[in-house]
Amino acid sequence: MQKKAAVVNDFSSFGRCSLAVTIPILSAMKVQCCPVPTAIFTNHTGYPSFSWTDYTDHMDDYIREWKKIGLRFDAVQTGFLGSKAQIDFVFRFLDAFRDEGTIVAIDPVMGDYGRLYSTYSRELAESMRRFLAVADILTPNLTEACVLAGTEYDPGISDSGLEHLARSLSEPNGAKVAITGLQRNGDIVNFVYEHGKAPHLHAEPKIGEDRSGTGDVFSSVILGDAVNGVPFDESVVKAGSFVARAVRRSVEMDIPVRDGLAFEEVLGDLIC
């Protein structure tokens, strides 16, 4: 039977991020993506102009209708959540569909470089800490990891500091943690933590400027691998390498930075 993952995130029709990234990546990895949109955008908010529709009032329809037809999921993943109401929805969704074998993957999209996104209040970001009690996989960047842990942002954090930070995020539910997108000595570094295993770093050379949707590509590969039973440490290496190849190809093709990663050019690398 084909595996299914429900993904709660926004849908941006242009700009290669969120659900528009996750759907093709999971498909290539032979996982059926079942999207639950939190909002629908013409293009992501990094462009000078965009139009969007808040989907909060329609989200509970997914629980009601999917329960009627008896759907079950091998995994549930969350991405950008724009309000406390949407966070509350995720817990209702988990109550409805999570069973003993369901993987819960949280990509806590809240900010970067020590700053929250303009759409996030400090109170909303702190409410995301509720996910620590249910997450099996966490993929925050350093900013998000610090917010979730209630610690000060430190761009020069040491390896031992990263281990302490990841352990504090993991402890409530034993989650596997990848703290992503660290910049060190010209590399992009991901820190991998699993309870009972030695933590380690995976580095790829930094290529060009930061691009929209990089975290979405990374977390989508992690989700597909988790559903397919790939060990977490191997998956982080795979995801980091795939992102690096997509970035390199985007630079070669002169894709504008805010248009994201031309991951379509290397998507065949993920086909199972």
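Contact here means heavy atoms within 4.5 Å. On that basis, the cover over the buried residues of helix H1 includes strand S1 (3–12), strand S2 (31–41), S4, helix H7 (214–227) and helix H8 (232–252). The model is predicted.

**Helix H1 and Thr 22**

- Leu 19, Val 21, Thr 22, Ile 25, Leu 26 and Ala 28 are the buried residues of H1.
- Thr 22 belongs to helix H1, which spans residues 19–28.
- The relative accessibility of Thr 22 is 2%, and the cut-off for buried is under 20%, so Thr 22 counts as buried.
- Leaving aside residues up to four places away in sequence, Thr 22 touches Val 7, Cys 33, Gln 77 and Ser 220.

**Gln 77 in strand S4**

- Gln 77 sits in strand S4, residues 75–78.
- With a relative accessible area of 3%, Gln 77 is buried.
- The side chain of Gln 77 reaches a backbone atom, the oxygen of Ser 219, at 3.3 Å.
- Residues up to four places away in sequence not counted, the contacts of Gln 77 are Ala 6, Val 7, Val 8, Thr 22, Ala 105, Ser 219, Ser 220 and Leu 223.

**Ala 105 in strand S5**

- Strand S5 (residues 103–106) contains Ala 105.
- Ala 105 has a relative accessible area of 5% and is buried.
- Among the residues that Ala 105 touches are Gln 77, Val 76 and Thr 78, as well as Ile 137 and Leu 223.
- Ala 105 and Leu 138 are 33 residues apart along the chain, and their C-alpha atoms are separated by 6.0 Å.

**Packing of H2 with H3**

- Helix H2 (residues 56–68) packs with helix H3 (residues 84–97) at an angle of about 0°, and the axes are 10 Å apart.
- Angles under 35 degrees count as roughly parallel, and H2 and H3 are therefore roughly parallel to each other.
- From H2, the contact is made by Thr 56, Met 59, Asp 60, Tyr 62, Ile 63, Trp 66 and Lys 67.
- From H3, the contributors are Ala 85, Gln 86, Phe 89, Arg 92, Phe 93, Ala 96 and Phe 97.
- Sorted by class, the residues in the contact of H2 with H3 are nine nonpolar, two polar and three charged.

**Asp 136**

- Asp 136 is found in the loop between helix H4 (122–127) and strand S8 (137–138).
- The relative accessible area of Asp 136 is 24%, and Asp 136 is partly exposed.
- A polar contact of 3.4 Å links the side chain of Asp 136 with that of Arg 98.
- Apart from residues up to four places away in sequence, Asp 136 touches Arg 98, Thr 102, Ile 103, Val 104, Asn 173, Ala 175 and Lys 176.
- Asn 228 is 92 residues from Asp 136 along the chain, with 15 Å between the two C-alpha atoms.

**Cysteines**

- The number of disulfides in the structure is zero.
- Cys 33 is in no disulfide, and the nearest cysteine sulfur, that of Cys 34, is 6.7 Å away.
- A disulfide needs a pair of cysteine sulfur atoms within 2.5 Å.
- Cys 33 is buried, at a relative accessible area of 12%.
- Cys 34 likewise is in no disulfide, with the sulfur of Cys 33 as the nearest cysteine sulfur, 6.7 Å away.
- Cys 34 is buried, and its relative accessible area is 7%.

**Residues with positive phi**

- Lys 30 is not a glycine, yet its phi is positive, at about 65°.
- Lys 30 follows H1 and has its place in the loop between H1 and S2.
- At 51% relative accessibility, and with the cut-off for exposed at over 50%, Lys 30 counts as exposed.
- Asp 254 is likewise not a glycine and has a positive phi of about 60°.
- The segment after H8 holds Asp 254.
- Asp 254 counts as exposed, at 66% relative accessibility.

Key
Residues are numbered from 1 along each chain as its sequence is written. This is a predicted model: local features need pLDDT of at least 70, side-chain atom pairs count only at pLDDT 80 or more; totals for chains, interfaces and linings use all residues. Side-chain values use heavy atoms; hydrogens and water are left out. Axes are lines fitted to C-alpha atoms, for helices over the stretch in contact, and angles run from 0 to 180 degrees between N-to-C directions. Helices (H or I, at least four residues) and strands (E, at least two) are DSSP runs, numbered from the N terminus. Angles under 35 degrees count as roughly parallel, over 145 as roughly antiparallel, 65 to 115 as roughly perpendicular and the rest as oblique. Ala, Val, Leu, Ile, Met, Phe, Trp, Tyr, Cys and Pro count as nonpolar, Asp, Glu, Lys and Arg as charged, and the others, Gly among them, as polar. Buried means under 20% relative accessible area, exposed over 50%, partly exposed in between (1.4 Å probe, protein chains only). A polar contact is a pair of N or O atoms within 3.5 Å; within protein, one must be able to donate a hydrogen and the other to accept it, and residues adjacent in sequence count only if both atoms are side-chain atoms.
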